[in-house]
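Trainee: I'm new to this structure and would like to learn how to read it. Could you walk me through a few features?

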Amino acid sequence: MGSRNLELIFDRVGHFGRYQIFIYFTCAFQNISCGIHYLASVFMTVFPKHTCRPPGNVSRILFHNISLWRLDDVWTLFPTGRDDYVVVQLQDGEVWELTGCYRFRRDNNSSLDYDYIGHKSGFPCLDGFIYDKSKWDNTVVTQWNLVCNREWFAKLIQPTFMVGVLLGALAFGYLSDRVGRRPVLWSTSIGMDLFGIATAFTFDYYSFMLARFLLAVVASGYLVVVFVYVTEFIGMKARTWASIQIHSFFAIGTMVVALTGYLVRTWRIYQIILSTVTLPFALCCWMVPETPFWLLSEGRYEEAQVVVDQMAKWNRASPCNLSELLSLDLYGAGGDKPSEVKKYNLVDLFYDWNIGTRTLIVWLVWFTGCLGFYCFSLNSVNLGGNEYLNLFLMGAVEIPAYIFICLGMDIVGRRNILVLSLISGALCCGVIMLIPKNYYIWSVVATMAGKFAIGSAFGLIYLYTAELYPTMIRTQAVGSGSMVCRVGSIIAPFCIYLSSVWIFMPQLFTGTLAFVSGLLTLKLPETLGKPLATTWKEATELDVEKDSSSSKLFPTTSQSDVGENGSD
């Protein structure tokens, strides 16, 4: 039973009728939540200006030659560096110098001059810190004093989240192929609501990290499975646009984070609002069925017939009898259960030499796309201006990128657009390195162009991976790719730290990987206009068709044996 027969189902009941539209937008709406949680920490972990709290009530404040009466007034003058300090005089007459991480008591209390050359004693910030609340009233950093020698706790928040994303991609990709797409969509979507709200009510740093880690696991699981789910529910005529544009909802999530961060300045309320944005999905998720592709691959023909009948009814199409259309024996001796269904795992992604090479190249593209995606996003804080507007634009620029690849894929194919996006991203990295530091506008333009190019590649690789592998291993292929790409997202913050070695080190690293990935992508087969593969034979035949098209220029020996070596 090949995919060419399965595509006949959509010819009969509709490729993107009312039923698929309902399923698509229901699942895509919840994908907004993934975009929200992936970037929510951008504002929760803001490092505000801070200084040590003095060990008593302050009577007078001095910053350079400016005398103040309230410490809150000093933040408009306080620089981002830590070389400067604030001089305060307490009500008991003691004079202290306050820095970001230490405080010093002057032995000579008679001098309130800013510059002091006498003896002074240093002390840690035992009384806590005073934070600049002009932008945020409260963040995770200020909640648990994650500054100075505890700063690395805050810097672990996003990498730890991405470790959870990595594990979730692998675990739920495997479970989706084992138990079905529907149970995974249910459990992960409900898990996002529960763990997202639970994060806002955590009582210490460690419970916060645990809740965020579990949130990452389920969010990643949903993100991986939903692409496979909509791919298997929508016919070939609408699959390209539907699968790619689901990324736009992730981008909308990014913009929701920027808008919520601008309006809400307390991290707990901020987290609660973000976690309840897609709560209405819980009211509709019970209506989401299992995909006919998965049911048929498991031999559950009667259940597949029920789903197809429901699809035909919603789409006002004529009934579709699977037993006639696909020549199935629905009521054979085996009943609704197949005699034996082989289970697949990650090792099967290296089914033979060609499939193994394909897997390694696809993994490299996943890694490069995610690394570049987050490097450009994290580096947006250096663009200057309003940070909320910057993040909003970083999400908004993805939407035209996805429209671009949807238009291009149907004209020149998936592989060629992917190659163009990767090479363009590499070129943008090179251009950024050549722009003088004073040309701020051009740097912004080049950075946004790079995000556009890498975002196009990152959005396309989900669909392309799903089309390169057969049904029984498809979710694990996407899940493993997502797992590899999350390694890139974990490395991305450390890649940004390399700018202290050389300011353009992130661009050099990202650009080199993008260029190499673009060249290797030329070895992958084209999937434009091809039905989804359901067997290894059909998957390997993609390479045969690629080789046969090139054999018109370079004749070779018979290649038909390549497909014969694969078994269902």
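Predicted model: local features only at pLDDT ≥ 70, side-chain atom pairs only at ≥ 80, totals over all residues.

Trainee: Which residues of helix 15 meet helix 21?

Mentor: On the helix 15 side they are Ile-361, Leu-364, Val-365, Phe-367, Thr-368, Leu-371, Gly-372 and Cys-375. Their partners in helix 21 are Phe-509, Thr-510, Leu-513, Ala-514, Val-516, Ser-517, Leu-520 and Thr-521. By type, the residues of this contact comprise eleven nonpolar, five polar and no charged.

Trainee: Why do residues three or four places apart point the same way in an α-helix?

Mentor: An α-helix has 3.6 residues a turn, so residues with that spacing point the same way.

Trainee: At what angle do the axes of helix 15 and helix 21 cross?

Mentor: The axes of helix 15 (residues 353–378) and helix 21 (residues 505–521) cross at roughly 150 degrees and come within 9 Å. Angles over 145 degrees count as roughly antiparallel, so that is how these two helices lie to each other. The crossing of helix 15 past helix 21 is left-handed.

Trainee: What span should helix 6 have?

Mentor: At 1.5 Å a residue, the 23 residues of helix 6 (residues 157–179) should span 33 Å. The end C-alpha atoms of helix 6 are 32 Å apart, which agrees. Next comes Gly-180, with a positive phi near 115 degrees.

Trainee: Where does pLDDT stay under 50?

Mentor: One such stretch is residues 329–339, with 14 contacts beyond four places in sequence. Residues 549–568 are also below 50, and that stretch has 22 contacts beyond near neighbours in sequence. For the protein, pLDDT averages 81, and 86% of the residues score at least 70.

Definitions and conventions. Residues numbered from 1 in each chain as written. Heavy atoms only, no water. pLDDT = per-residue confidence, 0-100. Contact = heavy atoms within 4.5 Å. Axes fitted to C-alpha atoms, helices over the stretch in contact; angles between N-to-C directions. Helix = DSSP H or I, 4+ residues; strand = E, 2+ residues; numbered from the N terminus. Parallel < 35°, antiparallel > 145°, perpendicular 65-115°, else oblique. Left-handed = near helix turned anticlockwise from the far one by under 90°. Nonpolar A, V, L, I, M, F, W, Y, C, P; charged D, E, K, R; others polar. Expected span 1.5 Å × (residues − 1).
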